[in-house]
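Colleague: I have a structure to read and would like to go through it in questions. Please show it first.

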Amino acid sequence: MTTPPRVTPSLRTSDLGKIVVMAWNRPTERGTLPYLLACSLGDREHSSAAVEQLLLSTGLTVGGDVVDATRRSDLPVSLLVVPGSAVFTMPHITAQFVPPEGWLTAAEEQGIACLVFTTRPWAGGDPGDYGALAAFANDEETLKSSARVIVPARGLRG
């Protein structure tokens with residue numbers, strides 16, 4: 001018996017609304033790890049559903065296990081780290097950002113960043129507030145509604 005292919009409706013990128021990418025780092029027993037949180041600002045009526053559709057169409061699962069993109073070259077998710085800034089890219093999203101102090105060093109040393117891309121709209125106040133970011137990123141509802149990916153942090157090679 002064969003399974004019919006899953007039909008995914010086409011993504012209306014306008015339904016995503018504004019997407020923000022916020023960076024922070026956290027000390028662990030493996031050293032300091034760089035993290036990224038990506039989410040919609042919730043400025044569109046169907047932003048949560050659109051983000052979920054984006055993640056699924058990219059090959060990511062919401063609420064599933066952590067995906068290691070360093071071992072899955074088929075995932076179209078990338079992170080370019082250059083002096084002073086970084087660029088996160090996936091289908092329909094390119095986000096250039098200036099991470100906080102220590103994040104670039106951690107990304108270069110570890111060679112990865114841990115991405116949490118949630119379907120839950122940002123509800124933490126000012127996206128630049130570290131306390132709000134930590135509370136939102138560590139909230140159980142945020143994590144349950146997220147795709148979590150270990151993304152290779154690549155630099156320019158000459």
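Colleague: With which side chain does the side chain of D139 make a polar contact?
Modeller: This is a predicted model, in which local features need pLDDT of at least 70, side-chain atom pairs count only at pLDDT 80 or more, and totals for chains, interfaces and linings use all residues. Residues are numbered from 1 along each chain as its sequence is written, and side-chain values use heavy atoms, with hydrogens and water left out. A polar contact is a pair of N or O atoms within 3.5 Å; within protein, one must be able to donate a hydrogen and the other to accept it, and residues adjacent in sequence count only if both atoms are side-chain atoms. At 3.0 Å, the partner of the D139 side chain is the side chain of R120.

Colleague: How many residues apart in sequence are the parts that D139 and R120 tie together?
Modeller: The two side chains meet in a salt bridge, 3.0 Å from N to O (a side-chain nitrogen of Lys or Arg within 4 Å of a carboxyl oxygen of Asp or Glu). D139 lies in the loop between α3 and α4 and R120 in the loop between β7 and α3, so the pair ties together parts whose separation in sequence is 19 residues. Helices (H or I, at least four residues) and strands (E, at least two) are DSSP runs, numbered from the N terminus.

Colleague: Which residue forms a salt bridge with D74?
Modeller: D74 counts as exposed, at 54% relative accessibility. The closest N and O atoms are 2.9 Å apart, and the partner is R72.

Colleague: Why do the buried residues of α3 lie on the same side of the helix?
Modeller: In α3, residues 130–138, the buried residues are A132, L133, F136 and A137. They lie on the same side of α3 because the arc they cover around the axis, taken from the directions from the helix axis to the C-beta atoms, is only 120 degrees.

Colleague: Which elements do those buried residues of α3 pack against?
Modeller: Contact here means heavy atoms within 4.5 Å. The elements are β1 (19–28), β2 (31–40), β7 (112–118) and α4 (140–144).

Colleague: How many of the residues of β2 are buried?
Modeller: β2 is largely enclosed by the rest of the structure, because the number of buried residues, out of 10, is eight.

Colleague: Which residue in β7 is the bridge partner of L36?
Modeller: Two strands pair if DSSP finds at least two bridges between them. β2 pairs with β1 in the antiparallel sense over 10 bridges, and a hairpin of two residues joins β1 to β2. With β7, β2 runs parallel, joined by four bridges. There, the partner of L36 is L115.

Definitions and conventions: Buried means under 20% relative accessible area, exposed over 50%, partly exposed in between (1.4 Å probe, protein chains only).
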